[in-house]
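Hello,

Here is the structure we talked about handing over. Please open it beside this email, and read the notes below as you go.

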Amino acid sequence: MSDLLNRVRDIGIIPVIKLNSVEQAVPLAKALIDGGIPAAEVTFRTEAAADGIKAIKEAYPEMLLGAGTVINKDYAKKAIDAGAEFIVSPGFNPEVVDFVLDKGVPMIPGVANPGQIEQALCKGLDCLKLFPAETLGGVAMLDALSGPFPNVKFMATGGINAKNMGEYLKRKNILAIGGSWMVKDDCELVTKLSKEAVANMHGFTLAHLGLNGADNDEAAKIAKQFEIFGFLGKEGNSSWFNNSLVDSTSFETMKGTGKGIHGHIGIKTWNIERALAYLKQFGINPDMSTAKYLGEEGKSPLKFVYTDMSIGGFAVHLNKA
């Protein structure tokens, strides 16, 4: 993927905003940034769109800004001239797609069926907008499309909100989601809803707690102690795992000193790359020497990586949920 599409993935949520006046643009952009979402898709549903994009780019050049509802070449030209970094359309219009690509600007056209996806692939595009997502079947549609189109990523928009966003973001073929549920007239509310969306975006849950044992004998002894509470032990090559019979809770005991003074904490997340981009703002970075991948070695997506973070003497790693 291009650097820009990687940024779209890392941010994860692209607010869709409709500007009724240019004066709305900058305060709304600030509210989104303050809420942890430095991105927006400004729709060409009003005459304020182009000037609104210009105003936001001047005030916050670091904000990732796209133009949406670009249904003809005139809108595309106005959006690009205004400073839009990527173009989004609700449907697949070959004329608009060709115009935008000829300008060297990333294009995310809308698709609603396999035929349109194949048209996009013929144009060299494999990051597409699924619209209207919920009407088309939502996550069931995404799951169905993942079979014949395993390399296509989608930015799903249409009917996505705070309640169902997690079901979309946990899908492997989701690049990002778009929505307007956090876009309100009250900027304080925009920031509040944006912070809540970011907090829920990663699906962080406990994978397991890992303990360091001195050797295999001590690790086996610890595993037996966990079995008292119904966590059944199973020996692995370098550790013992104790899994709950009730839920997904588990403990891992290393057959020797592992990372961390006392052990490690495994945290599950829906997208490790996106989670790492989020953690970077807190000064937390990955130890890529520990990285494991779902597919080709060294090529996204990640399925496991340790971070340089330590909590109470426990190292922290991320697992793909």
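Start with strand E9, residues 174-179. In this predicted model, six of its six residues are buried, so E9 is largely enclosed by the rest of the structure. Buried here means under 20% relative accessible area.

What pairs with E9? Strand E1 (residues 13-17) does, in the parallel sense and over three bridges. Pro15 has Gly179 in E9 as its bridge partner. Strand E8 (residues 153-157) pairs with E9 as well, again in the parallel sense, over four bridges. There, Ala156 stands opposite Ile177 of E9.

Strand E7 (residues 127-130) and E8 are paired in the parallel sense, with four bridges. Leu130 stands opposite Ala156 in E8.

Now the whole sheet. It is open, has nine strands and shows parallel pairing; the order is E5-E4-E3-E2-E1-E9-E8-E7-E6. Strand E5 (107-108) and strand E6 (110-111) are at the edges. Each has a single partner strand, so one side of each has no neighbour in the sheet.

A helix to look for is H3, residues 49-59. H3 lies across E1, strand E2 (39-43) and strand E3 (64-68), and runs at about 175° to E3.

Next, the other open sheet. Eight strands make it up, with mixed pairing, in the order E11-E12-E13-E10-E14-E17-E16-E15. Which strands stand at its edges? They are strand E11 (231-235) and strand E15 (286-293); each has a single partner strand, so one side of each is left without a neighbour in the sheet. On average, neighbouring strands of this sheet are turned by 25° against each other, direction ignored.

Within this sheet, strand E10 (residues 205-212) and strand E14 (residues 263-269) pair in the antiparallel sense over six bridges. Leu211 stands opposite Gly263 in E14.

Helix H11 (residues 216-227) touches E10, E11, E12 and E13, and its direction makes about 5° with that of E12. Helix H12 (residues 272-280) touches E14, E15, strand E16 (302-311) and strand E17 (314-320); its direction makes about 25° with that of E16.

Last, the surface. Leu245 sits in the loop between strand E12 (239-244) and strand E13 (250-254). Is Leu245 buried or exposed? Its relative accessible area is 66%, so Leu245 is exposed. With Leu232 and Val246, Leu245 forms a nonpolar patch on the surface; together they have about 360 Å² of accessible area.

Best wishes

Note on methods
Residues numbered from 1 in each chain as written. Predicted model: local features only at pLDDT ≥ 70, side-chain atom pairs only at ≥ 80, totals over all residues. Heavy atoms only, no water. Patch = residues over 30% accessible without salt bridge, like charges linked within 9 Å, V, L, I, M, F, W, Y side chains within 5 Å. Areas by Shrake-Rupley, 256 points an atom, 1.4 Å probe, with all protein chains shown as cover. Salt bridge = Lys/Arg side-chain N within 4 Å of Asp/Glu carboxyl O. Helix = DSSP H or I, 4+ residues; strand = E, 2+ residues; numbered from the N terminus. Buried < 20%, exposed > 50% of the residue type's maximum accessible area, 1.4 Å probe, protein only. Pairing = 2+ DSSP bridges. Contact = heavy atoms within 4.5 Å. Axes fitted to C-alpha atoms, helices over the stretch in contact; angles between N-to-C directions.
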